[in-house]
Amino acid sequence: MLKTINTVGISLALLASAFSFSAMAQDKLTVGVDTAFVPFEFKQGDKYVGFDIDLWNAIAKKMGVEYTLQPMDFSGLIPGLQSRNIDVAMAGITITPVRAQAVDFSDPYYNADLLMAVKSSATGINKFSDLAGKKVGLKQGTAAATYMKAHVKADYVEFPNIDNAYLDLQAGNIDAVVHDSPNVLYYVKTAGDGKIKATGENDSVLPQQYGFALQKNSPYTKRVDEALKALRADGTYNKIYLKWFDKEPK
């Protein structure tokens with residue numbers, strides 16, 4: 001009788017272990033994404049593409065998890081994590097002390113700063129201080145918007161979508177757009193049509209690092225960091241970086 005009970009106990013323990021492993025293997029995360037931040041995440045045809053998309057896909061494979069993308073405005077990403085409607089958020093999210101009080105961040109995966117986009121014919125805007133008194137477009141809820149409003153007195157217009165800010169610049173409704181450097185450079189290269197240029201390269205005011213944001217005290221934060229470290233070690237990170245930025249990371 002004792003032998004039978006022990007056998008049953010062992011069987012139940014093995015079953016519980018198998019169930020636990022199966023549950024982990026079948027984790028499916030909801031990943032919030034702002035799909036209008038080229039070249040990090042944007043829609044091309046019926047697919048989402050970009051540096052963040054490729055990098056997260058590689059991280060998810062390393063972690064052994066499945067995921068679905070949840071498109072949303074940038075300003076809704078942190079609240080989405082706080083309300084636990086999403087598990088992860090990505091959109092070139094700058095790691096800041098204030099945000100880190102509300103959510104977890106992965107290790108940094110990209111270094112950026114700010115640039116200005118102005119009309120190619122503009123001659124009086126070369127430094128960020130030249131924006132004083134000008135009409136300037138910003139993306140709502142970003143670290144760039146917070147920094148600029150605190151340091152340069154200008155007439156700011158905030159947009160939920162940075163593409164609309166660039167359109168207003170093209171139309172002459174604003175004097176400049178200030179945003180993260182990779183996005184400004186990508187816009188000038190792909191859609192500026194020679195009419196828009198980037199400036200402020202030697203006047204960078206906000207060195208910043210991007211991280212994947214997760215729910216506070218998320219069980220996945222450490223696993224994301226481990227996967228990211230592995231991708232750097234095996235060269236996958238460098239390949240993805242080269243694909244989107246035409247250069248090796250520093």
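Author: One definition to begin with: two strands pair if DSSP finds at least two bridges between them. Keep in mind that this is a predicted model.
Reader: OK. How many bridges join β10 to β12?
Author: Two bridges join them, and the strands run parallel. By the definition, at least two bridges are needed, so β10 and β12 pair.
Reader: Which residue in β12 is the bridge partner of Gly 137?
Author: Val 177 is the partner of Gly 137.
Reader: What order do the strands have in the open sheet?
Author: The order is β11-β10-β12-β9-β13, five strands with mixed pairing. From one strand to the next, the twist averages 30°.
Reader: Which strands does helix α7 lie across?
Author: Helix α7 (residues 181-190) lies across β9, β12 and β13, and runs at about 125° to β12.
Reader: New topic, α5. Which of its residues are buried?
Author: Ala 143, Ala 144, Ala 145, Tyr 147 and Met 148 are the buried residues of α5.
Reader: And what covers them?
Author: The cover includes α4 (97-102) and β14 (208-210). It also includes the sheet strands β9, β10, β11 and β12.
Reader: Why does Ala 143 count as buried?
Author: Its relative accessible area is 14%, and buried means under 20%, so Ala 143 qualifies. Ala 143 and Ile 93 are 50 residues apart in sequence, and their C-alpha atoms are 8.4 Å apart in space.
Reader: What about phi of Arg 84?
Author: Phi of Arg 84 is near 65°, which is positive in a residue other than glycine. Arg 84 sits in the loop between α3 (77-82) and β6 (88-90).
Reader: Is Arg 84 buried or exposed?
Author: Exposed: its relative accessibility is 53%, and the cut-off is over 50%.
Reader: And Asn 217, what is its phi?
Author: Asn 217 has a positive phi of about 60° and is not a glycine either. Asn 217 lies in the loop between β15 (213-214) and α8 (221-233). With a relative accessible area of 67%, Asn 217 is exposed.

Notes. Residues are numbered from 1 along each chain as its sequence is written. This is a predicted model: local features need pLDDT of at least 70, side-chain atom pairs count only at pLDDT 80 or more; totals for chains, interfaces and linings use all residues. Side-chain values use heavy atoms; hydrogens and water are left out. Helices (H or I, at least four residues) and strands (E, at least two) are DSSP runs, numbered from the N terminus. Buried means under 20% relative accessible area, exposed over 50%, partly exposed in between (1.4 Å probe, protein chains only). Contact means heavy atoms within 4.5 Å. Axes are lines fitted to C-alpha atoms, for helices over the stretch in contact, and angles run from 0 to 180 degrees between N-to-C directions.
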